Each structure stands twice: as C-alpha cells, then as structure tokens.
Amino acid sequence: MSKIQALGLDVGSTTVKMVGLDAEGEMAWHFLEQAEPLLENQIARFLERARNVTGPLDGIPLVATGYGRGLVNQATRTVTEITCHARGIYRELGHGGTLVDIGGQDSKVIGISPQGKVIDFTMNDKCAAGTGRFLENTASRLKVSLDRMGPEALSVSDEVSISSTCTVFAESEVISLIAHGVSIASILRGLHRSLVKRMVSMILTVGLTPPLMLSGGVAQNPAIRQMLEEETGQKIILPHYPQLMGACGAALFALDA
Amino acid sequence: MTIPAIPRRIDVIRTFKEQGGYVAAVLPIHYPRSLLRAFNILPVEVWGPPGIKARDGAKHLQPYVCSIVHNALSFLQSGGLDITDILIVPHTCDSLQGLGSILLDFVSPKQPVIPIYLPRGKRESDVDFFANELRSIYRQLEAITGHSPTDADLLQSIYREEAADKLLSELHRCRRNLPFSNLAFYRLLRNREHLPAETFMELAQKALAQKVDTTQDGGIPILLSGIVPEPMSLLGAISQMGGVVAADDLACCGRRLYPPGQSDDPFRRIAERILYAPPDPTRGNSIKERLEHLLQLVETSGAKGVIFYEVKFCEPELFDLPQLRQGLQEAGLPSLTIEMDLNDPLSHQALTRLEAFLEMIQ
Ligand code: SF4
C-alpha cells in the first residue's frame with residue numbers, strides 16, 4: 001500500500017467512513033462502519049485503526065465532515081458534507097453535473113460546475129421521506145433484507161402506488177396493502193418509486209444539469225438507479241465507492257493543507 | 001466596542017404608560033407609527049414573539065399557518081399582551097387577515113382591535129386609498145383616546161419618525177464601518193420595533209459616533225432576506241462561520257427604511273412613506289422590482305450571495321422564491337433558502353446549510 005499522506009473522516013448519521021489518500025490523491029485505504037450512538041468512542045476507534053495502518057498520525061492532516069464532524073477533536077479542520085461530496089466526486093469522475101446523494105437519514109442534490117465547484121444545493125434533512133431510512137423502515141416491516149430490496153422491486157412489473165410520503169404513514173399503508181393481498185415485490189416497487197419521485201422534486205429545485213451522478217449508500221440499490229433514470233430521462237453515473245465520496249473529498253481537503 | 005445600553009422592552013412600556021401614554025401591540029409589517037404617536041400611543045411590535053408555548057392559538061388556527069401568527073394569538077390568549085391598550089393588525093397576508101377576523105369575531109380581546117387595510121401597489125389611487133384608510137384609523141383612535149391631534153401635531157410626529165428613519169438608514173448604510181458584530185448590530189436595529197423614536201435616535205447617534213473610516217473586517221459578505229432573523233443566534237452563527245451580513249432585505253429591518261414623504265397633507269404623507277418603501281411582497285411589489293432591489297443591494301454591499309431566511313408557511317415570501325432565486329442565479333448570484341419555525345432552535349441541519357453556503361461562495 002502506498003504511503004498515506006492525508007485522511008478524511010465522514011461521520012454520517014448512519015455510517016462512519018474514513019479514507020486515506022496517497023501523495024497523488026489516490027485512495028490508499030478506507031474503512032466503514034455503521035454509526036454507533038457513542039460517536040466519540042467510535043471516532044477514537046477509527047483513529048486507532050488508521051494509526052495501525054499508517055503508524056503515528058502526527059503530521060498527517062485529517063479533515064472531518066458529516067453531521068458529527070464537530071465531534072472530531074483531532075481534525076485539522078472541518079468542512080461540510082456538501083462541499084466534500086462535490087470535491088470527492090469531481091476528483092473521481094472529472095466532470096461537473098448534478099450529484100444526488102441519498103444517505104441513511106438525509107439526502108442532498110448538489111449542482112457542480114464544470115470546474116468542480118458547488119453552484120447550488122438542496123438538502124432534505126427534516127423528514128425521513130426521500131432518504132435511505134424510508135426504505136429501511138419499510139424493508140424491516142416486510143422482512144426483506146436491505147440488499148434484496150432493489151432486486152425484489154425490479155423482479156415484477158406491477159407497481160402499487162404508495163401515496164404517503166411520510167415514513168410512518170407509508171408503513172401503515174404497507175400493512176394495509178399486505179392485508180389486501182398485494183405482493184411484497186409490487187409494494188417494494190411502489191416504495192422505490194415514491195422515494196425516487198421525492199428525489200426528482202429535489203433535483204428540480206436545484207435544476208438538472210447533466211450528467212446525473214449518484215452517491216450514498218442507497219446508490220447500491222439497482223431499483224433506485226433504474227427508476228431515477230426512468231424519471232429523469234438521464235443516464236446515471238456511479239463512482240466506484242458511492243459511500244466514500246464525502247470522506248474522499250475531506251481527505252482531498254486535508255491533502256491541500 | 002459595545003452597543004449603547006438598550007432599555008428593556010417591558011421597562012419602556014411601563015415608563016410610557018406611567019407618563020400617561022397608551023401602548024399598542026402591533027402585528028407585522030407596515031403600520032403608521034407617526035399616526036399612533038400623535039395620539040400618545042407607543043407602538044410595540046409583536047413578531048411572534050419567538051420561543052413561546054404556542055398552544056392556545058392552535059384552537060383557532062390551522063397547522064399550516066405561520067408561527068408568527070400562531071405565537072401572536074397564543075401570546076395574547078395567555079395574557080402576554082394584557083399590558084397593551086390597543087391591538088393593531090395590518091392585513092399583511094392571508095394569515096394576518098385571518099387573525100384580524102378571528103380576533104374581532106371569536107376571541108374578542110379586552111383591547112379594541114384595529115385592522116389596517118394596505119393597498120397592493122403604489123399608484124396615485126393606492127396613495128388615495130391608503131390616506132383614506134389612515135383617516136378612518138384616525139377616527140377610531142380619536143374614539144379610543146379622546147384626543148384629536150391637529151394636522152400640525154400629525155406633521156410634527158411624522159417629521160420625528162422621518163428623522164428616526166433617516167438615522168436608521170444611516171446605520172444600515174455604514175454598518176460595515178461600525179465596530180459591532182452581526183448580532184449586536186441587529187439587536188440595535190430592532191429596537192426600532194418598540195422604542196419611542198426619540199429614544200431610538202439617541203441610541204442610533206451614540207452608535208454612529210463609533211463609526212470608523214475603514215471597513216471592519218467581517219468576513220464573507222452576504223445579503224440576508226426574509227421576514228425576521230429569529231432565533232437571533234442565527235446572526236452569531238453567521239459570524240462564527242466567517243460571514244457578515246453586509247445588507248438586508250428583511251421585512252422587519254431593510255424593507256422598512258421608509259423614505260420621507262412629499263405631501264403636506266399628513267395622511268397622504270404617511271401613505272407615501274409606507275407605499276414607497278423598499279419592495280415587499282406583502283405590499284404587492286412585483287418580482288421584477290424585488291429582484292432589481294436585491295441586485296442593487298448586492299452591488300452596493302459587495303454581497304457574494306443571498307440567504308432567504310424564511311418563516312415556514314409564509315406564503316407571500318415563499319411564492320416569490322423560485323423566480324427570485326432563478327433571477328439571482330441568472331445574474332450569477334448564488335442563494336440559499338432556510339425555512340424555520342419561530343419556536344425551534346437553530347437546527348444542526350440549518351447550520352450545515354449555512355456553512356455549506358458560505359463555503360460555496362467564499
Ligand atoms: S411570516 Fe409571512 S405569513 Fe406569517 S405573518 Fe408574516 S407575512 Fe404573514
């Protein structure tokens with residue numbers, strides 16, 4: 001492994017991610033875990049892991065991002081997840097456009113200029129609808145594992161319409177649909193469509209400048225990708241590590257130091 | 001340097017009443033201060049108030065009515081406005097118009113309620129209409145107080161408010177040459193919401209005496225638009241993140257820099273002052289006028305972006321936003337919208353947006 005010169009730590013609400021970059025800004029190491037309630041302890045553990053890989057961290061700049069960025073006392077500086085995601089994806093894909101990031105508890109749409117600068121953004125951070133949590137909640141109600149949700153949804157062409165955008169109400173709607181004998185796969189398809197439609201309205205707030213890029217944990221879900229393409233008429237471009245774009249961006253800022 | 005000592009609102013009200021005056025609780029946004037003062041009535045504005053238990057008002061109001069109106073009704077019903085003698089409700093928007101009707105038809109508070117019908121425009125006929133509306137308010141105040149100020153009394157009161165507004169404009173104009181933080185500066189400005197003009201002028205003059213020649217280094221300049229900067233900690237957060245409010249288009253501040261009137265008729269003069277103030281959606285100004293005004297503020301202040309800090313469910317503001325933001329974008333100016341409820345603390349999410357916006361424009 002090439003020598004790590006800078007670290008980025010993305011303390012998200014659902015997962016915590018850390019990325020180490022070499023002197024050329026290439027990803028040399030990364031690590032990801034589900035977020036724990038005692039974030040300070042988890043952050044200390046991440047730093048310990050980084051130390052095991054790089055040796056002493058003195059002199060290696062660390063930039064923290066994500067909703068828990070303020071808890072990383074060891075960080076050289078903090079940068080918001082908006083700016084870090086834009087920087088990370090630009091570095092990997094090399095062009096601007098519209099980035100949709102669907103995280104566990106929030107989602108964002110970021111307009112990125114051809115030079116890689118954030119030109120506009122919007123966030124959905126008040127309500128679980130339009131976030132990974134929307135799918136997660138209903139998945140657990142349907143007893144389908146998260147990674148099976150997308151394939152299941154795509155396995156049928158029948159789609160029920162889920163009228164509730166609110167996660168809690170959607171769950172009740174799902175229960176009632178099951179009671180009426182609707183197949184789980186059709187319900188799943190409807191749930192995905194509902195989330196995607198929510199995302200499309202956010203995209204329209206910022207304005208869709210192609211290409212459309214997708215990041216965040218939910219980017220691994222094929223149904224989301226397919227439906228987002230259907231609803232926007234745009235081909236989706238995915239980075240290699242959709243979940244690590246924020247941490248990568250943070251590490252790139254650290255490398256600037 | 002610190003801002004001059006500011007008397008507490010409740011002390012101002014008590015002192016004014018002890019001296020034989022009346023106090024009017026006034027809802028946002030535009031109203032005839034000088035007319036009230038000519039009757040020895042001190043207007044004290046009620047922008048909510050923020051951060052109260054807005055429970056009582058919920059009986060009469062729909063959940064999608066803004067928190068300024070919810071809080072005002074709750075505050076009134078919990079006795080918070082008992083010290084006041086009159087309630088003034090300008091028909092600023094549908095929500096306040098609804099509140100006026102609820103007060104008159106259902107709640108029947110102990111104080112007389114005076115609605116103000118504002119025209120939606122600034123044509124000659126609008127000035128005529130509004131001057132007549134002010135004459136009708138004069139007669140209502142005459143009946144309540146038993147006073148009948150003459151035209152000369154009215155003009156004297158108008159000139160005093162014009163002098164206070166001139167100082168207010170001066171404070172806005174040279175804000176970057178004053179050694180105050182964002183927060184301290186807005187605390188000073190917002191005293192105009194309850195201080196008598198003469199007391200406000202003393203404070204403003206003391207503040208202006210601290211003006212320095214060089215621009216104070218405040219960071220990334222932004223233009224703050226919206227209704228009211230509550231919670232005020234927003235202003236501290238902007239400073240902390242390296243920003244400075246270089247100009248504002250806030251309904252409670254910059255949109256109330258009333259120019260002097262022209263007419264010698266006191267009612268027309270008051271009408272002119274209010275109708276010719278900076279554009280405001282609640283007075284029917286077009287998006288074009290608003291956009292031109294914002295761009296002019298940006299040019300004079302050097303602001304690098306506009307933050308629309310909105311009260312949730314505020315229709316007049318939110319209806320304009322898509323076109324306003326688009327117009328700004330076409331002019332190369334980034335903007336951000338943050339919606340808040342008057343009773344919520346500044347959320348972590350709102351702070352992240354603010355920080356990301358400052359990162360974006362720096
Ligand atoms: S915040 Fe908007 S809706 Fe509420 S009272 Fe003010 S103008 Fe009306």
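Helices (H or I, at least four residues) and strands (E, at least two) are taken here as DSSP runs, numbered from the N terminus. The structure is a predicted model, in which local features need pLDDT of at least 70 and side-chain atom pairs count only at pLDDT 80 or more, while totals for chains, interfaces and linings use all residues. Residues are numbered from 1 along each chain as its sequence is written, chains are lettered from A and ligands numbered from 1 in the order in which they are written, and side-chain values use heavy atoms, with hydrogens and water left out.

Chain A contains eight helices and ten strands. Its radius of gyration (taken over C-alpha atoms) is compared with a globule rule of 2.2 Å times the number of residues to the power 0.38. The value for chain A is 19 Å, close to the 18 Å that the rule gives for 257 residues, so chain A is as compact as a globular protein of that length. The C-alpha trace of chain A spans about 60 × 40 × 30 Å along its principal axes. Chain B, in turn, has 13 helices and eight strands.

Where the two chains meet, 14 residues of chain B are in contact with 16 residues of chain A, contact meaning heavy atoms within 4.5 Å. The buried area, that is, the accessible area (1.4 Å probe) that two parts lose on being put together, summed over both, is about 1400 Å² between chain B and chain A, and carbon and sulfur atoms give 48% of it. Within chain B, the residues that lose the most area to chain A are B:Arg353, B:Glu359 and B:Met360, which together account for 37% of what that side buries.

Side chains of opposite charge can pair when their charged atoms come close. A salt bridge is defined as a side-chain nitrogen of Lys or Arg within 4 Å of a carboxyl oxygen of Asp or Glu, and two such bridges are counted between chain B and chain A. One salt bridge joins B:Arg325 to A:Asp120, with the closest N and O atoms 3.0 Å apart. On the side of chain B that touches chain A, helix H12 (315-330), strand S8 (335-340) and helix H13 (348-361) of chain B each supply at least two residues, and the largest share, nine residues, comes from H13(B). Over all chains, the whole structure holds 45 salt bridges. Within chain B, the side chains of B:Arg33 and B:Glu45 form a salt bridge at 3.1 Å, N to O; this pair links helix H2 (residues 33-38) of chain B, which holds B:Arg33, with strand S2 (residues 41-45) of chain B, which holds B:Glu45, twelve residues apart.

The shell around the ligand, made up of residues with a heavy atom within 4 Å of it, consists of B:Cys66, B:Ile68, B:Val69, B:Thr92, B:Cys93, B:Ser95, B:Leu96, B:Val311 and B:Cys314. Helix H3 (67-77) and helix H4 (94-107) of chain B each contribute at least two residues to this shell.

Most residues other than glycine have a negative phi, and most peptide bonds are trans. In chain A, a cis peptide bond joins A:Pro210 and A:Pro211, with omega about -5°, and A:Pro211 is found in the loop between helix H6 (184-206) and strand S9 (212-215) of chain A. In chain B, the peptide bond from B:Glu230 to B:Pro231 is also cis, with omega near -5°, and B:Pro231 occupies the loop between strand S5 (220-226) and helix H9 (233-240) of chain B. A:Lys143, although not a glycine, has a positive phi of about 60°, and A:Lys143 lies in the loop between helix H3 (132-142) and helix H4 (146-154) of chain A.
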